[in-house]
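Please look over the sequence and the model before reading on.

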Amino acid sequence: MQLTLLVSKPSDTADHLRAVLASDGMDVRQLTPEQALTTEWGPPGGVPDLLLVNAGLDLVTVRSLLHRLGRAADRPPTVVTFVDDRYADLEPYVRAGLDYIVPPYVPKQVRDRLVASQLRQLICPDSGDLQSTTALLRYEQELAIGREIQLGFLPDGLPTPAGWNFTARFLPAREVSGDFYDAFEMLDGRRIALVVADVCDKGVGAALFMALIRSLLRHTAVYLETSTRDRAGHPPDADAERRRDEEMLMRAVTSTNDYLIKNHMRQAYFATLFFAILDPETGSLVFVNCGHNPPLIRRHNGDVMLLHPTGPALGLIPQASFRPASTTLEPGDLFFGYTDGVTEARNTAGVLLGEAKMTAIVCTDATSARETLNCVERCINEHAGVAEQADDITMMAVHRDLAVMPVR
Amino acid sequence: MSFTTTLTRSGNTVIITLVGELDATTAVAFRQEVDRAAEGDVETLVLDMKDLTYLSSAGLRGLVFAKQKMSDGVKIVLVKASDEVERTIRMVGFHHSVVFSDHVPG
């Protein structure tokens with residue numbers, strides 16, 4: 001080993017590591033990322049063979065540095081990352097297939113590990129060469145962008161009307177997909193919209209469609225909402241209110257479908273969607289299910305009701321007809337909506353979790369909204385074991401408190 | 001999780017046989033096969049699904065893509081889809097765009 005370049009923001013760990021390497025007789029140069037990026041690297045002898053980077057550096061910086069070093073030498077340096085004390089920093093590096101070392105940094109051991117990395121990358125150059133590393137970094141960046149789009153379009157908080165509990169959970173898979181949920185107030189809090197949806201397919205494309213569809217739905221629902229109060233301000237009867245809620249739903253869903261068909265049909269994306277409008281005062285739930293896994297309602301008496309599709313997925317069929325349906329969430333009832341990441345969670349043998357098992361958990365084990373989601377999440381984890389999560393998992397639960405008997 | 005396809009053509013009927021699991025990772029292979037199918041004159045696209053063990057929503061996008069790729073008059077026939085696969089297709093509402101059948105037509 002001729003020259004090792006250690007790149008890190010000032011840190012005790014980096015100083016210690018340099019001392020350890022020096023005590024093993026290695027030629028080490030320590031620089032900050034800014035210094036390393038502004039140094040004019042050039043042969044002969046001045047270009048490091050080994051690049052040791054602090055995992056706290058972002059991958060973009062490392063990539064730029066690799067690019068500069070690779071241009072200056074015949075062969076790009078071996079890259080090894082070391083961790084300061086935040087192990088979480090390692091994740092993107094490990095995913096990019098780069099070698100890493102972790103504390104304690106002990107003389108001889110560190111050196112052996114670095115030599116082994118260099119040998120390994122000499123034997124299988126694909127694992128460490130600039131091209132594939134750069135490609136992997138780009139892939140990681142794309143994943144991060146998709147994930148950012150997706151997370152940015154989830155609501156910051158859920159509504160908290162008196163007598164109700166709303167909980168949602170989003171467990172992202174490694175690869176970004178197009179799951180989302182939403183909950184927002186309409187008509188000044190007299191209604192609450194609930195959405196659970198899944199854009200087919202994965203990758204940044206699915207995330208972009210998710211962002212588009214979420215925005216279209218929210219915009220149409222909120223900005224075209226209509227009040228049914230008459231001119232004298234008298235509240236309308238329950239039937240008129242329900243019809244109005246149905247109209248708001250249908251308008252949001254059909255206009256979103258029309259938009260997707262008109263502008264994006266060729267891309268063959270579609271989204272399954274459950275969209276409901278809840279009246280927190282009465283528990284009335286008007287909904288449309290566009291090809292989505294049926295949410296279920298666990299009645300207080302233990303009965304289960306499935307909210308089956310009432311129309312096709314959005315973006316699939318021109319002039320599709322959607323039908324509104326309705327039910328009521330009575331005191332003690334629980335609504336549970338989810339995406340197929342739950343039922344299609346696999347174990348290492350490839351076996352799916354399945355609807356029956358999920359339903360059993362939702363219906364027997366739990367009481368509150370939060371506890372229900374905890375139980376399902378635990379069940380998924382126990383089923384999956386060490387199998388990698390292939391798809392996003394999204395769940396939403398809404399529980400109506402049992403009515404408190406008035407004290408006389 | 002593997003997935004393979006084979007394509008045969010007889011007259012204006014193209015038969016694609018799907019074996020294994022059609023999901024996000026294998027959908028590309030299916031789409032390439034659909035591209036090949038669309039190269040000639042096609043009246044009927046038959047998808048033989050008797051050995052298709054799993055269809056995810058991302059895999060279903062492959063079928064939607066096939067529908068877009070073929071011109072309007074092309075009939076898409078799904079042969080021997082399993083109950084699970086048929087259920088996935090019906091749930092999403094794509095069953096209006098295809099025909100289910102127990103045997104290869106023609």
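## Terms and numbering

A residue is buried if 20 or more other C-beta atoms lie within 10 Å of its own, exposed if 12 or fewer, and partly exposed in between, with C-beta atoms placed from the backbone. This is a predicted model, in which local features need pLDDT of at least 70 and side-chain atom pairs count only at pLDDT 80 or more, while totals for chains, interfaces and linings use all residues. Residues are numbered from 1 along each chain as its sequence is written, and chains are lettered from A and ligands numbered from 1 in the order in which they are written.

Most residues other than glycine have a negative phi, and most peptide bonds are trans. Asp201(A), not a glycine, has a positive phi of about 75 degrees. Asp201(A) belongs to strand β8 of chain A; helices (H or I, at least four residues) and strands (E, at least two) are DSSP runs, numbered from the N terminus. Asp201(A) counts as buried because it has 25 C-beta neighbours inside 10 Å.

Leu187(A) also has a positive phi, near 50 degrees. Leu187(A) sits in the loop between β7 (177-186) and β8 of chain A and counts as partly exposed, with 19 C-beta neighbours inside 10 Å. Pro103(A) and Pro104(A) are joined by a cis peptide bond with omega about 0 degrees. Pro104(A) lies in the loop between β5 (99-101) and α5 (109-123) of chain A.

## Domains of chain A

Chain A is divided into domain 1 (4-143) and domain 2 (153-400), with bounds that come from an automatic or database domain assignment. The C-alpha centres of these two domains are 46 Å apart.

## Where the chains touch

On chain A, 20 residues are in contact with 15 residues of chain B (C-beta atoms, placed from the backbone, within 7 Å). Strand β8 (residues 191-202) of chain A gives the most to the chain A side, with four residues.

## The sheet of chain B

In chain B, five strands form an open sheet of mixed pairing, in the order β1-β2-β3-β4-β5; two strands pair if DSSP finds at least two bridges between them. β1 (3-10) and β5 (99-101) of chain B stand at the edges with a single partner strand each, so one side of each has no neighbour in the sheet.

β1(B) and strand β2 (residues 13-22) of chain B run antiparallel and are joined by eight bridges. Thr17(B) in β2(B) is the bridge partner of Thr6(B).

Notes: Two residues are in contact if their C-beta atoms, placed from the backbone, lie within 7 Å.
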